[in-house]
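Let's take a walk through this one together. Have a look at the model below, and then we'll go from a single residue out to whole chains and back.

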Amino acid sequence: MSGATATGALEVRDAVVRRGDFEVTVDLSVAPGEVLALTGPNGTGKSSVLAALAGLLPLHGGAIALGGEVLDGDAAWVPPERRGVGLVPQQHLLFGHLSAVENVAFGLRARGMRRRDARSEGHAWLERLGLADRAHLRADRLSGGQSQRVALARALAASPRLVLLDEPFAALDVRVRDDVRALVADALRELAIPAVLVTHDAGEVETLATRELSLR
Amino acid sequence: MSDGQAGRRPGQSAHAARPPLVLLVPGLAALVFLALPLVALLVRAPWSELVEIVATGPVAQALWLSLRTATTATLVSLVLGVPLAWLLARGRLPGGGVIRALVTLPMVLPPVVGGVALLSLLGRRGLLGEHLDAWFGLTIPFTTTAVVLAQTFVSLPFLVLSVDGALRGLDRRYEDVSATLGASRWTTFRRVTLPMIAPAVGAGAVLCFARALGEFGATITFAGNFPGTTRTMPIAIYLAMEQSPQAAIALSIVLVAISALVLILLRSRWLTALGSTT
């Protein structure tokens, strides 16, 4: 896998996340290699917090910094495409018109890697997630579980400095869920980046997370 | 847009599906009214001489000119119309509603008015045409360029509205994910947005081509009627009607054939476009 860029801790200070009438204030920090589980009942703004971290939802106060660089707040604003923050959404949101391997290579291509290199990197990730034989299938032909694994590979292959996982295992078959979870845990350890995991699953918090923050 | 998979709603009985007579009779009358003229055209067509008539110099010339100009107008509409649709759907333009109405205007405007408007702008005495003539010696009216401009003026809105609708129906989260993967707005547009709205772009282009091919009013006003340079098929048909109705019918059959082809293209692409955006 390609070398990750300089990494560092995620620091969120008094971040005011607002979507419509809803508002939540978050204060958290995640060290490289740490996985923070974000839990709490539905409607407490977990996904909105992830959107703010990814740069898809501007803050209404406070600040977000990653590895010392301010991403949002203090009159600074880094757009999502320059944050290096990977997102694995709840519904996989794969690009249906591209093949599985093209999806995984997307982030590498977007940052200017040559097509051939990006593809071979993509193949390596798919192999790791047990999808080598699906590499050339159009993404809209994959099963739900396969799609979710490709979405994981797509986010991790782009060598993010921070990864956000929004219930990434919920759509997976029970039989493969543990395997994929273990693979993700390995990959996160290897990348040594901070990760935020939204989940409803107590077992997942137990096995994957190093800390838990409950929103209410 | 309901589809076959939606199934019957609980309140819908077999009885409700049988149309009442007050709707059935005028409905069928409308259908007959639409179909019968075309049937007459097919019956009256001089089938044995069709090839001969179409192959004559002037007709082949008009047909070739029409295909060339309508294709060019469609390409111009694609290059200009897709970006305009993006601006309408995503640009957060101030007064977006007014701009959208302005874009729609050529669709409801009588084409001849469009021709007069184009003359007012680009005619030798026109707002812009005056300067084009004085500074560059450029005269646009009554040239093949004028034909393309007239066709583009009336057909561009079809493309813009088709693409605008698709863009507004598109799930924005795909573009969000693309951004988190490091893709610039242009890369996202090129590799995610455009492929996802491709069916709507195709449908819009087909509609655009059909409208450009049939253009008459704006063309004859702004571009005139010169064989080889501005006499398109619809104008040739109108002229033929005065001398030889048989020839006019033969030419019409050619346009009916092209329109039928367009319809087949449209059915296969437009329906998929609607299916993917609603």
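**Starting from one glycine**

B:Gly114 sits in helix H6 of chain B, residues 111-122; helices here are DSSP runs of H or I with at least four residues, strands are runs of E with at least two, and both are numbered from the N terminus. Before going on, keep in mind that this is a predicted model, where local features need pLDDT of at least 70, side-chain atom pairs count only at pLDDT 80 or more, and totals for chains, interfaces and linings use all residues. Residues are numbered from 1 along each chain as its sequence is written, chains are lettered from A and ligands numbered from 1 in the order in which they are written, and side-chain values use heavy atoms, with hydrogens and water left out.

Back to the glycine: B:Gly114 has 2% relative accessibility, so it counts as buried (under 20% relative accessible area, with exposed over 50% and partly exposed in between, using a 1.4 Å probe and protein chains only). Leaving aside residues up to four places away in sequence, B:Gly114 touches B:Leu109, B:Phe153 and B:Ala218, a contact being heavy atoms within 4.5 Å. B:Val22, on the other hand, is 92 residues away along the chain, and its C-alpha atom is 40 Å from that of B:Gly114.

Zooming out, UniProt (unreviewed entry) puts "domain: ABC transmembrane type-1" at residues 63-266 of chain B; its positions are given in the numbering used here, feature names are shortened, and annotations may be inferred rather than shown by experiment. That span is 80% helix and 0% strand, and its end C-alpha atoms lie 22 Å apart.

Now for chain A. Chain A as a whole has six helices and 10 strands. Its radius of gyration is 17 Å, close to the 17 Å that the globule rule gives for 216 residues, so chain A is as compact as a globular protein of that length (the radius is taken over C-alpha atoms, and the rule is 2.2 Å times the number of residues to the power 0.38). Of those 216 residues, 54% are buried.

Helix H1 of chain A, residues 46-54, is mostly covered, with eight of its nine residues buried. Among them are A:Lys46, A:Val49 and A:Leu53. Just after this helix, A:Gly55 takes a positive phi of about 90 degrees.
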